[in-house]
Amino acid sequence: RRVFSVALTSTFVDPCISIMVPHEIVGQFEAAKQQLMTASAKWQLVEQLFAKSKTRSEFLKRAGSGFFRLVKDSLVTDVMISLGRLLDRSKLKDNENLTLERLVTSVSELGNEELALKLNVHLDNAKAAYDATRLYRNKRLAHNDLKTILEQDTNPLRPATVGDVRKTLRETGEFLNLIDLHYRRSTTTFGFAMIEGDADSIVRLLRDGMVLRERNLNRKRTEAGLEPVDWTIPDDA
């Protein structure tokens, strides 16, 4: 299984293997895959920061609760919007969209009906997992629905759960891997991105900085004849 680095900012197509994917779909397929790679990488950062452990969550609140709350909101919102774009209808009014639905249609038009049927299974599963998120996205993220914003809606929205996002990412990845496997005999590991300076690295640097700051503060307090402070910085943050 190939592991791609999200350091790639544009779609890379290996000339040795891309010819195996029909030219009618290779462009939209690679673009969709790149979008999912980026969304998966952002979700990986969310998991590293906020789903690692209770100790880490508490540490981040102490270190910068306001900052990390905004980071979480921004990353989760971006992932939700990115997945929604891939799972939208292929045509909205007069606009043609790059979506998984369009890929199914294109594969079917190439005569690969069996592959199209398999793709539809994962597409339906992804859409089902994204259903609650779609309404939230439409009313809170893509548009400022008046009743929702003013909290006058009698049916309050349920935001996406971690399980919803994980399943949507998984099913979308399986969808794209079916195409890769069919034409290239290879797959992509979307759930693991090699990010230089990922969230784990940032947390380690933050913890080391706080330890050093505490040490320097206590040195000065000792010199001034004061009792040292104990910030109780966790080793396993």
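Here are some questions and answers about this chain, which is a predicted model.

Me: What order do the elements of the chain run in, from the N terminus on?
Reply: Start with the tally: the chain has eight helices and two strands. Reading from the N terminus, the order is α-α-α-β-β-α-α-α-α-α.

Me: Is the chain a compact globule or more spread out than that?
Reply: The globule rule gives 18 Å for 237 residues, and the radius of gyration here is 23 Å, well over that. The C-alpha trace spans about 80 × 55 × 25 Å along its principal axes. Going by the radius of gyration, then, the chain is more spread out than a compact globule.

Me: Is Phe29 buried or exposed?
Reply: Phe29 sits in helix α2, which covers residues 23-50. Beyond its neighbours within four places in sequence, Phe29 touches Leu103, Leu176, Ile179, Asp180 and Arg184. Buried means under 20% relative accessible area. Phe29 comes in at 0%, so Phe29 counts as buried.

Me: How many residues apart in sequence are the parts that Arg184 and Glu30 tie together?
Reply: Arg184 makes a salt bridge with Glu30, with the closest N and O atoms 2.6 Å apart. Arg184 belongs to helix α7 (residues 162-184) and Glu30 to helix α2, so the pair links parts whose separation in sequence is 154 residues.

Me: Is Glu30 buried or exposed, and what about Arg184?
Reply: The cut-off for buried is under 20% relative accessible area. Arg184 is at 7%, so that one counts as buried. Glu30 is at 5%, so Glu30 also counts as buried.

Me: Which helices do Asp78 and Lys42 lie in?
Reply: The side chains of Asp78 and Lys42 meet in a salt bridge, 2.0 Å from N to O. The two are 36 residues apart in sequence, so the pair ties together separate parts: Asp78 is in helix α3 (residues 54-87), and Lys42 is in helix α2.

Me: Which helix holds both Lys61 and Glu58?
Reply: Lys61 and Glu58 form a salt bridge at 3.8 Å, N to O. Lys61 counts as exposed at 53% relative accessibility, while Glu58 is partly exposed at 38%. They're three residues apart, about one turn of the helix, and both lie in helix α3.

Me: Which residues do salt bridges with shared partners join into one network?
Reply: The structure holds 18 salt bridges, and one of them pairs Arg184 with Glu30. Through shared partners, salt bridges make one network out of Glu30, Lys33, Asp180 and Arg184.

Definitions and conventions: Residues numbered from 1 in each chain as written. Predicted model: local features only at pLDDT ≥ 70, side-chain atom pairs only at ≥ 80, totals over all residues. Heavy atoms only, no water. Helix = DSSP H or I, 4+ residues; strand = E, 2+ residues; numbered from the N terminus. Buried < 20%, exposed > 50% of the residue type's maximum accessible area, 1.4 Å probe, protein only. Contact = heavy atoms within 4.5 Å. Rg over C-alpha atoms; globule rule 2.2 N^0.38 Å. Salt bridge = Lys/Arg side-chain N within 4 Å of Asp/Glu carboxyl O.
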